[in-house]
2 protein chains.
Amino acid sequence: METSRKPYSEMSDSELSQELEALRKDYHNYQAMDMNLDMSRGKPCREQLDISMGMMDVLNSSSDLVCEDGTDCRNYGVLTGIDEARELMSDMMENNPDNIIIFGNSSLNVMYDCISRSFTHGVMGSTPWCKLDKVKWLCPVPGYDRHFAITEYFGIEMINIPMTPEGPDMDMIEQLVSEDESIKGIWCCPKYSNPQGYSYSDRTVSRFAHLKPAATDFRIYWDNAYTIHHLYETDQDYIVEILAECKKAGNPDLVYKFASTSKVAFPGSGIAAMAASLNNLEDVKKQMKFQTIGHDKVNQLRTTRFFKNIHGMVEHMKKHAAILRPKFESVETIFSENLDGLGIGEWTVPKGGYFISFETLPGCAKKVVAYCKKAGVTLTAAGSAFPYHLDPADTNIRIAPSFPPLEELKTAAKLFTLCVKIVSIEKILEDRSK
Amino acid sequence: METSRKPYSEMSDSELSQELEALRKDYHNYQAMDMNLDMSRGKPCREQLDISMGMMDVLNSSSDLVCEDGTDCRNYGVLTGIDEARELMSDMMENNPDNIIIFGNSSLNVMYDCISRSFTHGVMGSTPWCKLDKVKWLCPVPGYDRHFAITEYFGIEMINIPMTPEGPDMDMIEQLVSEDESIKGIWCCPKYSNPQGYSYSDRTVSRFAHLKPAATDFRIYWDNAYTIHHLYETDQDYIVEILAECKKAGNPDLVYKFASTSKVAFPGSGIAAMAASLNNLEDVKKQMKFQTIGHDKVNQLRTTRFFKNIHGMVEHMKKHAAILRPKFESVETIFSENLDGLGIGEWTVPKGGYFISFETLPGCAKKVVAYCKKAGVTLTAAGSAFPYHLDPADTNIRIAPSFPPLEELKTAAKLFTLCVKIVSIEKILEDRSK
């Protein structure tokens, strides 16, 4: 790492112009490579999918598809999921099986349905949100674009909450929720957050559990998407279990917790789950029984028999880590090699999850993404990690290293740093000329 | 069949009392058998599930899980379903693949979501129903209890429409929808209807397609649940395809059509689909893209590769028919043998679907179901086939012959006719004594 480099801001116009010329030549070389690389989403790569192929052998036509309590999984019924699936997911989510409902293949769908239900039927007897003049939501930023898309779709007014490496700004949250009854929820990705890879500190979780919202129907949407998605076998983040903490704080109904096996086995063919207090689950079931007769129990059985138990799942996650770790480390190394000391970007170095969050100089993110695109590398659209796609400073870019093959990823990472350099110089020169 | 029997209504009090005494003795014998039989739901039986076990061998760890257009079905994506699943379902539903969206495991869930979406976001730009003072719905009766449960859950006022062997009373429907803008939909089970097994006549379908609803956001919920669920290989019902008919009538957006493979392969592990005009599908997709990244493509692939094509599916349905046919015929034979000529009940004789609809004397249905229950046979609760569980005449009982083994079913059918006799005599005597 060349920390002895001169920051761009300290370079003269002519030094920068000279540098820019060289960088542009380099850029043309990348363009000539005719790349077509998609780094826009947190998609597992082919090798990661391959390690779950055993899932396809778990059940065959000689299998007994009867689950532990005697239910024939092939037939209708069992609204909240088979016992063994609830047990496995409860171990993954660190909750009691009684506090778990198993759903279909998508936890996002469960979150959507929770908000939709709150609009049409309220929360545990509250006024349906569709009858209210205004519904607001807290959105730690940068955050997960699909979360924000749901609240935007429902016309909910979203309020940005700045993120820190300890979690969102709790002072701001505490004040807002205690004052404003129209604030009905907050999106949280508490562990290896999307996109930073931050994990909430013990103090943050505790403050969440002790919130005193003005709205009785306020719920924390605790999307623990990356709960067991570590990159390292020993150097792992731990977060305090939120349901237990809420119970201790006398706020047992404050939180809906979500997780799924989408990034454990096959995305799109996993099982999603929700953990919450019995009161909350009763409320959910009141609706759920009208919506479906039950989710796919054969797939619940397949998933459970494949992993056997939480230990099997943890061992399985090590295989994912072995594939993802070099990818994350390569990106970080290339970023350091090419950008350290230049003062034109900062990035997170997560121990798990699916993303690295990059911060450019103000007003550069969109242009960097556009330049990468023109050279064949698609990144998540700049601004996506903010409500309404509005990144106020235009600085944030989400890097998703999982999907491309390692060598291509390295090329893309190099191209990315090149684009950051070009755009930064252009910006500095432009600012100076004003 | 002893058609020479004397109807109960023509028997004297003492004749009836004598008959009742004998019947009650018989009833006690059934009670002593200590049966525990569930005929409450339209569940396939074990033998029916067994014929789909090949589904578990279609995919294994050596399978190529890439679908025809090159998509890796193991990963995220493909919101509306893989091409081959859309093709298979389009053949099953008699629509163009372009007019099909594939969903998760439950068509009921799709119907629920359609109504929920209409409440929160309206239909193709209409006012969201939650903003309206009143939403009403037409319910052909008797009908499917889970349909009525959804509309009841959303606080929709349900209006009973009498059913005939040709379909619902179209005069009434035409008048109501043309006059009342608050009527937003109708539940239809057009083929082998639940619970009668009636199939809508050509004239009925045509009149549906030509409806002129006052509400632009009125939709026909066409739940073609039993579209290929015939009991006989040649003597089958055909119904006119509704989407095409609506298009011809200049009403292309009037209908949402639903189907699934729940009663083709495994209930709960099938694939559900919706067919509608491109305008309607665009409207659905606008919401769907916020709700999920996509449904279970591996299961779509498994289902499609198992059946291969619609011919494979049709051949598969013959195996179901071979199991179900003797069950339906046994029930009908026992009903005839024990009830013909007595003037105390009528029943339908469907050529497909999952149910037989039984009509008792007025005011007897609840009691018959209660008597069966006390002797160990659970039927669908009387009144279930009506909105708010209110059967005005208390005459309708839904018989679900699919689940019990044939011999037990025969016993249950005999017990049922015995209960009908007892309750009818009690009712006649009670009426006479008034």
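This report describes the interface, the sheets, the salt bridges and some backbone details of a predicted model.

## Basis of the description

Local features are reported where pLDDT is at least 70 and side-chain atom pairs only at pLDDT 80 or more, while totals for chains, interfaces and linings use all residues; side-chain values rest on heavy atoms, with hydrogens and water left out. Residues are numbered from 1 along each chain as its sequence is written, and chains are lettered from A, with ligands numbered from 1, in the order in which they are written.

## The interface between chain A and chain B

Chain A places 59 residues in contact with 58 residues of chain B, where contact means heavy atoms within 4.5 Å. Between them the two chains bury about 5,000 Å², 53% of it on carbon and sulfur atoms; buried area is the accessible area (1.4 Å probe) that two parts lose on being put together, summed over both.

The rule finds two salt bridges across this interface, a salt bridge being a side-chain nitrogen of Lys or Arg within 4 Å of a carboxyl oxygen of Asp or Glu. A salt bridge joins the side chains of A:R74 and B:D50, at 2.8 Å from N to O. On the side of chain A that touches chain B, the elements giving two or more residues are α2 (46-50), α4 (107-121), α5 (145-153), α9 (278-291) and α10 (297-307) of chain A, and α4(A) gives the most, with nine residues. Helices (H or I, at least four residues) and strands (E, at least two) are DSSP runs, numbered from the N terminus.

## The eight-stranded sheet of chain B

In chain B, eight strands form an open sheet of mixed pairing, in the order β2-β9-β8-β7-β6-β3-β4-β5; two strands pair if DSSP finds at least two bridges between them. The edge strands are β2 (100-102) and β5 (167-168) of chain B, each of which pairs on one side only.

Strand β3 (residues 136-141) of chain B runs parallel to strand β6 (residues 183-188) of chain B and is joined to that strand by three bridges, with B:K136 standing opposite B:I183 in β6(B). Helix α6 (residues 170-179) of chain B packs on the sheet, where this helix touches β3, β4 (157-164), β5 and β6 of chain B, and its direction makes about 150 degrees with that of β4(B). Such angles run from 0 to 180 degrees between N-to-C directions, with axes taken as lines fitted to C-alpha atoms, for helices over the stretch in contact.

## The three-stranded sheet of chain A

Chain A has an open sheet of three strands in the order β10-β11-β13, with antiparallel pairing. Because β10 (345-347) and β13 (396-399) of chain A stand at the edges with a single partner strand each, one side of each is left without a neighbour in the sheet. The twist averages 20 degrees from one strand to the next. Four bridges join strand β11 (residues 356-360) of chain A to β13(A), and A:I356 stands opposite A:I399 in β13(A).

## Salt bridges and backbone details

Over all chains the structure holds 44 salt bridges, including one at 2.7 Å, N to O, between the side chains of A:E426 and A:R24. A:E426 lies in helix α13 (residues 406-433) of chain A and A:R24 in helix α1 (residues 13-32) of chain A, so the pair ties together parts that are 402 residues apart in sequence.

A cis peptide bond, with omega about 10 degrees, joins A:N194 and A:P195, and A:P195 is placed in the loop between β6 (183-188) and α7 (202-209) of chain A. In chain B, the peptide bond from B:N194 to B:P195 is cis, with omega near 10 degrees. A:Y388, although not a glycine, has a positive phi of about 60 degrees and lies in the loop between β12 (377-379) and β13 of chain A.
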